[in-house]
Amino acid sequence: ASIFSDRQIVVVTAGKSGSFAYTSEKMYHEPAVKDVQVDDTTGAGDGFTAGFISSYLKYQELQKALHAGAAYSVKILTKLGAN
């Protein structure tokens, strides 16, 4: 059985406003992580994507995947250069 389905998901990152996921049934929101010392934004979007996709493939839960994406992007934001 495939882990992929016909379910369509749109994911939007919005900086300080957090991130959002939309399906035809529901909207999900993950607030931005507060009080982060941002050293460099290079790679933060890629980090979010990696955290989101890996979590979604493992758990199939959008809210958990948004949280994982936010958490991983914060790790990238706190380091200088592409990580």
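A pocket is an open set of grid points with protein on both sides within 12 Å along at least five of seven lines. In this predicted model, the largest pocket has a volume of about 420 Å³. Of the 20 residues lining this pocket, Gly15, Lys16, Ala32, Ser73 and Leu77 are the closest to its centre. H1 and H2 are the elements that give two or more residues to the lining. The largest share, four residues, is contributed by H2.

**Sheet**

Three strands form an open sheet in the order S1-S2-S3, with antiparallel pairing. Strands S1 and S3 stand at the edges, and each has a single partner strand, so one side of each is left without a neighbour in the sheet. From one strand to the next, the twist averages 15 degrees. Four bridges join S2 and S3 in the antiparallel sense; in S3, Tyr28 is the bridge partner of Ala21.

| Element | Residues |
|---|---|
| Strand S1 | 10-13 |
| Strand S2 | 19-22 |
| Strand S3 | 27-30 |
| Helix H1 | 44-59 |
| Helix H2 | 62-77 |

**Helix H2**

Helix H2 lies across S1, S2 and S3 and runs at about 30 degrees to S3.

The buried residues of H2 are Leu62, Ala65, Leu66, Gly69, Ala70, Ser73, Val74, Ile76 and Leu77. Among the elements that cover these buried residues are S1, S2, S3 and helix H1. Two of the buried residues, Ser73 and Leu77, are also named among the lining residues closest to the centre of the largest pocket.

When residues up to four places away in sequence are not counted, Tyr72 touches Gly47 and Gly51. Gly51 lies 21 residues from Tyr72 along the chain, yet the C-alpha atoms of the two residues are separated by 5.7 Å.

Terms used:
Residues are numbered from 1 along each chain as its sequence is written. This is a predicted model: local features need pLDDT of at least 70, side-chain atom pairs count only at pLDDT 80 or more; totals for chains, interfaces and linings use all residues. Side-chain values use heavy atoms; hydrogens and water are left out. Two strands pair if DSSP finds at least two bridges between them. Axes are lines fitted to C-alpha atoms, for helices over the stretch in contact, and angles run from 0 to 180 degrees between N-to-C directions. Contact means heavy atoms within 4.5 Å. Buried means under 20% relative accessible area, exposed over 50%, partly exposed in between (1.4 Å probe, protein chains only). On a 1 Å grid over the protein atoms alone, a cavity is a set of points where a 1.4 Å probe fits but cannot get out, and a pocket is an open set with protein on both sides within 12 Å along at least five of seven lines; lining residues have an atom within 4 Å of a point. Grid points are joined across faces, edges and corners, and a volume is the space filled by probe spheres set on the points.
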